[in-house]
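Open the model in your viewer and keep the sequence panel beside it. The stops below can be selected one after another.

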Amino acid sequence: MSGPRGRNESAWLLTPRGAFPSALREGMRRFEDEDEVDVVIVGAGAGGSTVLQRLSRRGWKAVALDAGPFWDPEEDWVSDEAGSHQLYWTEPRQIGGSDPVPLGSNNSGRGVGGSMVHYAGYTPRFHPSDFHTFTEDGVGADWPLSYDELKPYYEQIEAELPVAGEDWPWGDPHSYPHRPHPVGGNGEIFLRGAAAAGITAKVGPVAITNGRFGHRPHCIYRGFCLQGCKVNAKASPLITHIPDALAHGGEVRPDSTVTRIEVDERTGRASGVHYVRDGRLRFQRARIVVVAGYSIETPRLLLNSSSNRFPRGLCNDFDQVGRYLMVQGAPQTAGRFDEEIRMFKAPPPEVSTEEFYETDPSKPYQRGFSIQTVSPLPITWAEHVMAQGHWGRDLRNYMSDYVHWSVLGALCEFLPQPENRVTLAEQKDRNGMPVAHFSYSQGANDRQLVAAATGVMERILKAAGADEVITINRYAHLVGGARMAATEQDGVVDAFGRSFAVPNLFIADGSILPTQGSANPALTIMALAARIADRLAAAPEPAKSSSPDAASASGALRR
Ligand SMILES: Cc1cc2nc3c(=O)[nH]c(=O)nc-3n(C[C@H](O)[C@H](O)[C@H](O)COP(=O)(O)OP(=O)(O)OC[C@H]3O[C@@H](n4cnc5c(N)ncnc54)[C@H](O)[C@@H]3O)c2cc1C
Ligand code: SF4
């Protein structure tokens, strides 16, 4: 079978109604801790699920351990903002720095499917320039791989999710497998305002089915994408990659929190992972370990896996673990219109522009931003209004006016800084593991980008006819913390996710990104994971001289 189905049958393995088949879950293969599996994967989110699916298909004995539950969308998810808190990573974490980043619902998820269970669903590619910002713009870092090396994997994942959108004119111009969705009130405002302001805006790209895909149904435009799509129209690995993994003999072990990676001091190789399940500490043996716990939990786990050989934390000989953690500046600007917008009546991800993505030599700042519709539901809208200082009667007025508002959001490319990092705190969690401390401070370029993006959003909304605009500042997305690099002095893993320090330890999640562009990261994380899985399947062991040669072939990472 050719096409995406030949690679990944997940959408056809769902029930004819599009539900997750209980038989697949109950009948999945189960390994014993004593079995030496070919690969144990820490985390079944965007990166981990992709690796599990790809390697299960190749006949590997593969198991993914996830700290959270194995969700059943029909039973566990509700179309209700307040009822969706279980989807977020709410374990204790500490934050600091001069611009601390609030952690929780807006940046990390917990459970099979990972953060993509409650992500918005935008799936843009990174631009070719993202892979060499240092060479091109003198800021950020060059990746040890190029856009062209990742492009075939972008195409694979876009077909498997699948992604819907207009032909994309920015970055490397390309088209999408599904046609663009019709837009709701907020999307219409964006398109109208952008046209009036002379800015190009396009519909998409979103990983939401436009038409039936396998047994997944068409989106019904009910607007609960950030609460976990009960309909299974919005893509998350839970429905796009896990079914195929289970059908090919992979195991997903939920409610299993990995606390430590074991490295055999004699061989220098990872031998498996310690994890807590049902209150009991267990050990899963494995030939290869892949970590995919996302940007805070991955460095935390590495730092907690210290040993005689790695006294400062696993793979941390060069003090790189936890560093260069990034968020995007994500101001949101709301505009009020006399007409009813009813922004809740559509998926929040509808329309975007990448016209301001690249460095503009006429501006005082480097790199750029994108703008997208965001369409908060009422509780999030109340938070937006309260952040502006409105309270009491004033807040009530804004709330009863909700249907007249349109909200846009920007993603500003905040630059990687070594001091923006995860370390281990004194405080311990319920498993006795030190909690992560995440310190974050903005730079001058970051602040300039936020001001510029806010100005453009106000321009679009006013051009569409808004009579009042209000803006709040916030952050979105996490990436970095165990970045890929050409040399071990500059990062934790190589261009194929293999750690420099331990030959059978890989990282395949958002933590390996050296820069973040102004794009939402999930598609890039899945594409990188698919590439890592391909490499693993082709060559599980490194060639003797792989790291230095790969480094010189791709050009040294600079910062
Ligand atoms: C509200 C929200 C909206 C977003 N919107 C978008 C969007 O529109 N487009 C986009 O591209 N991105 C979006 N994102 C970001 C995107 O979802 C993440 O970047 C992506 O899912 C990260 O992939 P990952 O594999 O690194 O980690 P995750 O997908 O978060 O997966 C990590 C998994 O590891 C598990 N885990 C962590 N630690 C351990 C441990 N010690 N033991 C066992 N398991 C562990 C977690 O439970 C989790 O399931 C959004 C995120 C959020 C929260
Ligand atoms: S709007 Fe579409 S994708 Fe979003 S939750 Fe509803 S059905 Fe799912």
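What follows is a list of selections, with what is found at each.

This is a predicted model, in which local features need pLDDT of at least 70, side-chain atom pairs count only at pLDDT 80 or more, and totals for chains, interfaces and linings use all residues. Residues are numbered from 1 along each chain as its sequence is written, chains are lettered from A and ligands numbered from 1 in the order in which they are written, and side-chain values use heavy atoms, with hydrogens and water left out.

**Ligand 2**

Select ligand 2 and show the residues that have a heavy atom within 4 Å of it. These are I208, C219, I220, Y221, R222, G223, F224, C225, C229, V231, K234 and P347. By class, the shell holds 9 nonpolar, 1 polar and 2 charged residues. In this count Ala, Val, Leu, Ile, Met, Phe, Trp, Tyr, Cys and Pro are nonpolar, Asp, Glu, Lys and Arg are charged, and the others, Gly among them, are polar.

Where does ligand 2 sit? Ligand 2 is in the largest cavity. A cavity here is a set of points, on a 1 Å grid over the protein atoms alone, where a 1.4 Å probe fits but cannot get out; to sit in it, a molecule must have more than half of its atoms within 2 Å of the grid points.

**Helix α12**

Next select residues 378-387, which form helix α12. Helices are DSSP runs of H or I with at least four residues, strands are runs of E with at least two, and both are numbered from the N terminus. The buried residues of α12 are W381, A382, H384 and V385. They lie on the same side of α12, because they cover an arc of only 160° around the axis. That arc is taken from the directions from the helix axis to the C-beta atoms. Buried means under 20% relative accessible area, exposed over 50%, and partly exposed in between, with a 1.4 Å probe and protein chains only.

Now show β10 (332-336), α13 (392-400), β13 (405-412) and β16 (468-472): the buried residues of α12 pack against these elements, with contact meaning heavy atoms within 4.5 Å. After α12 comes G389, which has a positive phi near 95°.

Is T259 buried or exposed? T259, in strand β6 (residues 257-263), counts as buried at 10% relative accessibility. Leaving out residues up to four places away in sequence, T259 touches H274, Y275, V276, L281, L301, N304, N431 and M433.

Move to A537 in helix α15 (residues 522-538). A537 is partly exposed, with a relative accessible area of 27%. Apart from neighbours within four places in sequence, A537 contacts L55, R58 and W60. Draw a distance from the C-alpha atom of A537 to that of R309: the two are 28 Å apart and 228 residues apart along the chain.

**Backbone stops**

Two cis peptide bonds come next.

- L161 and P162 are joined by a cis bond with omega about -25°; P162 is in the loop between α7 (147-160) and α8 (185-197).
- G204 and P205 are joined by a cis bond with omega about -5°; P205 is in the loop between β4 (202-203) and α9 (237-240).

- C315 has phi near 65°. C315 lies between α11 (294-304) and β9 (326-329), in a loop, and is buried at 9% relative accessibility.
- R367 has phi near 60°. R367 lies in the loop between β11 (351-353) and β12 (369-373), and is buried with a relative accessible area of 0%.

Key
1 Å grid on protein atoms, 1.4 Å probe; cavity = no way out; pocket = protein on both sides within 12 Å on 5 of 7 lines; lining within 4 Å.
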